[in-house]
Amino acid sequence: MDSRSQAPYKSSSFSQATTRDDTSRTREVDRNFSLGALRDKRDHHPPHHHHSREHHAIISEEDEQADQDAEATAGHGDGAKDRGDPDLAALSAEVDAFVAGQDNAVTVTEATLDKFASAVELLVARSEGSSDHKWASDGDSPALLAAIARIAALASALGKSPEAGGGKHTAAVHRVTGVLHRAMAFLEDEFHELLDDPYANHKASAGGEHEPDRCVLPGAAAAASSSEGSKEAAPPYPPETVDRLRAMADAMIAAGYATECTQMFLVARRNAFDAALQGLGYEKSNIDDVVKMTWESLEAEVVTWTKAFRHAINVGLSTEHDLCTRVFAGAHAAVGRGIFADLARCVMLHMLSFTEAVAMTKRAAEKLFKVLDMYEAVRDASPVIEAFLSAADDEPSSALTELKAELASVRSRLSESAAAIFHELEGSIRADAGKQPVPGGAVHPLTRYVMNYLKYACEYNATLEQVFREHHRRGSHGDAGGDNPFSAQLMEVMELLHGNLEAKSRLYKDPSLSNIFLMNNGRYMLQKIRGSAEINAMLGEAWARKQSTNLRQYHKNYQRETWSRVLSMLRDDGVITVKGHVQKPVLKERFKQFNAAMDEIHRTQGAWVVSDEQLQSELRVSIAAVVVPAYRSFLGRFSQHLSAGRQTEKYVKLSAEDVETIIDELFDGNATSMVRRRT
């Protein structure tokens, strides 16, 4: 309940005093109903000289004398006691008795009210003029705040008193209320100054000693420290400052100034929060600016946003919640919870608008991972806000409830965007229908892109599983991945890629090169899967075994297409030897054919590319294991049937070792012609 109703004579004009003019500490007279001779003393006017400003009442000699008595009694000097005048403590006791004994018809004199108001006014005036002793302790509470709290309670009690209503103490009531307004104006400025510069009183107490620049808003230093990875932020205010803020807040709320107090606190902490985020590099952007950014610029902005948002959730909000709890404690705890809820909603909703702008940009496969980073940050924020909601003793805050709902909405939009972007990958595979084959049967750029993309995507497998559970496409391979919808999407992408590569292999005129192309790409895919525990687990061992089977089949197809014809030249199929006699012309032709075939293979397949060293070695070993023994046997059986000398050199150009060397030079990507070798 707003306690403002307890101050019945609060002026509606008191709403603008939120800052202090450092060049002139003098208050405007219209802030006070009756300042009397006290204002003349503070402005160093002669005691007998009346100021010329308009005033609410004519100061009588009796009032002036009362002000002088109050000055003597409230000035903490010994003169008051020596003259026998009642001191502030005695006046306070009478006021306390009146406030506490209203139900028992306890009364108070108008002179007491006037003297007490003047004494409190003098305390405020001296505090306005100097900060050296304004917060001097008086028991457990600062004397000034105790006096302000007491005059606030007195104003409330007078508002309920029948004597005040009957006109008996009307002048005194206005006098007390006027002093209360002046005190609140001063207290509001002090509260504002302390919020903006928590070290102000340290500087004053240090006697003006120079300190490093401390004008950074509270929170910026915390952001700098937390940016290095720590989740522990330095408190925005030292403990003694928090105690002063709490005492001021208690006094202002009790006097009916809850709105001014909470607005100042909220604005100051919002500015501090923004400064902390700026310290992390985060700058506010509107939706139009974000939508127009290039992806390179936007990508950097997303990284900064994610860092700042996680700081705000994990560090900033906890710090602000703790501060609100300590400044607005006890009977005013609900006020603190309300301030924190408004602050959290204000800061978070603005930051969440950035995600909306990113989701509006053109979808592209490369944006997936930054969108997932934002999704995870928003997802992880929900339990934090839920914890703040659960911690509230009273009804859940509407501001936090709204923030919780907005987080859920943003998470859903980001989830939908991430799912749609992943489907863009499928679209890009279907659209890649180039008519130019990759030279040498090398790994296709599409294969590299997709496999690296999937490897990186699988590092987000838990997040993408959540995404596809929320936005699973009907008609996709729902059972392929078991209970994991992302696994099903992954299988679909792999099948699309495999089909695309099969189509690209048909662009090669040489069937052998087609199989080399399929082997290269299939081996690259398998190596990527084997090298990533995440993607291997997602696709499963069955898929890897199927891929290995395909590779073996491509290998067999290549050997059949290339080397079956060569091996047929080395077989005696009844043409070379007829009825026990070697047909030399046929034999010579076979040697010529073999030499030409090896030269062609060396020239063409030497330019083919097998970049995987293990696959390259396996191919060479398997070829040599079949061809070299067959040629060595053929050479040993038939070479002696050729005349030694020029005839042998003409037809037997290669030794078995030469053939083995040629095979070892295949798939290097070097187009070279076979050199002539002698046996």
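A cavity here is a set of points on a 1 Å grid over the protein atoms alone where a 1.4 Å probe fits but cannot get out, and lining residues have an atom within 4 Å of a point. Helix H20 (485-505), H21 and helix H23 (541-569) each give two or more residues to this lining. H21 gives the most, with 4 residues.

I noted that the model is predicted, that local features need pLDDT of at least 70 and side-chain atom pairs pLDDT 80 or more, and that totals for chains, interfaces and linings use all residues. Residues are numbered from 1 along each chain as its sequence is written, and side-chain values use heavy atoms, without hydrogens and water.

I read the volume of the second largest cavity as about 60 Å³, the volume being the space filled by probe spheres set on the points. By class its lining has 4 nonpolar, 4 polar and no charged residues.

I then turned to H21 and H25. The axes of helix H21 (residues 511-530) and helix H25 (residues 613-638) come within 10 Å and cross at roughly 140°.

I listed the contact (heavy atoms within 4.5 Å): Ile516, Met519, Asn520 and Arg523 in H21 meet Gln614, Leu615, Glu618 and Leu619 in H25. By class this contact has 4 nonpolar, 2 polar and 2 charged residues.

Note on methods: Axes are lines fitted to C-alpha atoms, for helices over the stretch in contact, and angles run from 0 to 180 degrees between N-to-C directions. Ala, Val, Leu, Ile, Met, Phe, Trp, Tyr, Cys and Pro count as nonpolar, Asp, Glu, Lys and Arg as charged, and the others, Gly among them, as polar. On a 1 Å grid over the protein atoms alone, a cavity is a set of points where a 1.4 Å probe fits but cannot get out, and a pocket is an open set with protein on both sides within 12 Å along at least five of seven lines; lining residues have an atom within 4 Å of a point.
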